[in-house]
Amino acid sequence: MIYVLYGIVAVICVYTARHYWFTLNRLFGFQRHPYIDIDTADWPPVTVLVAAHNEEKVIANALSALMSVKYPADKMLVVPVNDRSTDRTREIIDEFVARFPGRIRPFHRVEGKGGKAAALKDAMELVDTEVILIFDADYIPGAGLIKQLTAPFFDPEVGGVMGRVVPMNCGTNILTRLLDLERSGGYQVDQQARMNLRLVPQHGGTVAGVRLSALREIGGWNDETLTEDTDLTYRLLLHGWKTVYQNRSECYEEVPETWQVRIKQIMRWAKGHNQAMVAYGLHLLFGKHRATPRERLDGALLLGVYIMAPFTMLGWILALAVFYQGIAPLHGIIAILAVTAYAAVGNMAAFFEIAAAVRLDGNCKRIRLLPFLIMGFTVSIFSVSRAAFSQVKDALTGAEFHWDKTERFRKAES
Amino acid sequence: MNPYLAVAGLVAASAAMFMLPLIPALVEFKRHQDDQPLKVIQEHAGEIRFFSDGFRNYINPLQAVLQECFASGGNAKGMLADGAEYLVLGRGEDALTLPLRQQDETCSLMLATNADLVLPADTTFSRDIYAGGGFIGGMENKYRAILGEKDVQLGHGSKVMRWVHAVGAFRAEECCDLYGRVSSDSSIRLRAGCTFLRLNAPRIEAGSSEQTAAANTRRAREAPTPSQSPRRLQDGDFVIGPDEEFTGDLVVRGKLRVGEGARVWGSVKSEKEMTIEDAVLVGGSLISATTARIGANCAIYGPVIAERELEIQAGTSCGSPEHPTTVSAPRIRIEEGVVVFGTLWAREKGQVVDRI
């Protein structure tokens, strides 16, 4: 038992070091934004896929914004992927098609497998451009975003691109404010540091792009996964394509406003991520492919982020068990260091990362909410652990997964 | 002491200690002092002309005065709504004779004219300048910003701190430092010794017209052919031999050397140093994760990006009049004789030199 506890503490120490490495790199290291200066070019034709399943509250905002972006109109086709919506989504899309003839080609899907990946897979029949950009329906792209997300594809090594997501409803309640802090840490520090260090920036599946030839090479969208973005990241990596992160390509999104919706969302992310871990983890670390050694290591650690929650819980239980069994849990100075790392530094690293991110964003006062993040982390740890356990149960019973759409909170445009 | 009281006191003290770090959080949670979304620029795409367009709108209220002075040949002094003092000149050459300079050789008035503007040398112009006609600046001047509706010419050793936009051609004589954005709707010409950060024009030329003739004539002779072949991913270093033809996109994980006279019909990327020898043609983009050195008389049709340093030798052209492009790196050195169609952007420092 004690050795399992040692193992868990050791892994937590690795993740702690990783958090610090990323944060310090972001604060003091060389910042890579190689493609952001491409403002003049012979812009290639692009297809913008907008995934929409019952999005009557938000789809009009997304389409309006896309019709106003600064990209040659004759080179940009918007394809709203209306996935079996039962609300007014189809009607709203068709209104836009009539208002902007030739610029929007809708894909109305009325049957088929559930999930975003399955819908995108079916919509590929309308795509013939080398550059594909993907947005969820609750995103509102700014004027320059399409050019910014397209620019990295001038690099023949780039297979995927990911922009930054910024919550627009962050002031609604304590949950949205905490999610705003988490997003800052995740993008401003985590993703950008991975970009700086030439590690594995993660494709987020929205505010993102993929190269058609790369997508074809890796076998297209995988509709067997709950998180097609994580799956895409790793398949691109294994085939020698880079995913790049553009921190300055920012786009507003709506974050969950209720804990119930948040829990569902993070459980889906955790399950999808764990699927990718099982599918690609060992091959990534030890297989024969084109990823560099540092990409192998970082990619494996990234795959493990969601499984760390049940590990942490197990660590707590083991620590208590060891204590009540009267076993002298740890020995000497190494033991003290390990316990300190586990109990203090390990927890603090993520806070340090978020604090640094918020500071880099220039937001001074919201940093005060940092102690409340314990609440968010606790909910996440239990939700993600629950997701992992239910995933194991599903695997044993052969139950099929189902895809939960994230509920929207914006008021529909009249 | 009553033990119950002691326990209660201990619990209260512990609770207070626990609550202490939460007090700022509770205050922020209650007062919502910083709960607005992060500012994301939705309306514009970082266009180089953003400031000059803004300035044009800013001085719009002066249009009547500008026309009146231009018609009468007189001058007018006044104050804009934000308190900025301006001097409108009826005849641009008056700037040479008027006592514009204070004792520290600074002109702190905003100058505007609808005529051709000619400015004296060795002067610091600390406010923006508007020239409805041509603009000719004296030597060793310092400017904050200039908007010229026709040609703009800066004298030897001048400095621009923020931006210049010329509707006509822009020309900077030797040893000018252009710290901000410089744009033209027609062309930009920089002479040796000039430094720059961000330039944009249909045609950007380093050196005299004789020096850039090779790059310009070469452009007319050859046109890019898009590549349809799959990309090639190469571990380690790679060489494309002299006069060889390579079709398709190429990604090299090591160093890349493209030999003299080679033709690459696709885009090229190297993870380490990239060396492009003389008279090479690249039909697509050229990306280096470290440094790139481009020899003389090359033609690159797509964007050119180097993550550390970029050098381009005389006679080379990037982009074409029909297909403008971007050349970008933190540090750029270009020889006189280089032509870029589109954007030339050095994040840290760009230099025009006689010879690399």
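Begin with two helices in chain A of this predicted model: α1(A) and α6(A) lie roughly perpendicular to each other, because angles of 65 to 115 degrees count as such. Select residues 2-28 of chain A for α1 and residues 174-196 of chain A for α6. Their axes cross at roughly 75° and come within 9 Å.

Now show the side chains at the crossing. From α1(A), pick F22(A), T23(A), N25(A) and R26(A). Facing them in α6(A) are V189(A), D190(A), Q192(A), A193(A) and N196(A).

Next, the cores. Select V48(A), L49(A), V50(A), A62(A) and V81(A). These have the most contacts inside the largest nonpolar core, a set of 166 residues. Then move to chain B and select residues 339-353, strand β32. This strand gives the most to the core, with seven residues.

Return to chain A and centre on V50(A). Which residues is V50(A) in contact with, leaving aside its neighbours within four places in sequence? They are A62(A), V78(A), P80(A), V81(A), F135(A) and A137(A).

Select F22(A) again, this time with V255(A), I354(A) and A357(A). They are among the 15 residues of a second, separate core.

Note on methods:
Residues are numbered from 1 along each chain as its sequence is written. Chains are lettered from A and ligands numbered from 1 in the order in which they are written. This is a predicted model: local features need pLDDT of at least 70, side-chain atom pairs count only at pLDDT 80 or more; totals for chains, interfaces and linings use all residues. Axes are lines fitted to C-alpha atoms, for helices over the stretch in contact, and angles run from 0 to 180 degrees between N-to-C directions. Helices (H or I, at least four residues) and strands (E, at least two) are DSSP runs, numbered from the N terminus. Angles under 35 degrees count as roughly parallel, over 145 as roughly antiparallel, 65 to 115 as roughly perpendicular and the rest as oblique. Two residues are in contact if their C-beta atoms, placed from the backbone, lie within 7 Å. A nonpolar core is a set of buried Ala, Val, Leu, Ile, Met, Phe, Trp, Tyr and Cys residues joined through C-beta atoms within 7 Å. A residue is buried if 20 or more other C-beta atoms lie within 10 Å of its own, exposed if 12 or fewer, and partly exposed in between; C-beta atoms are placed from the backbone.
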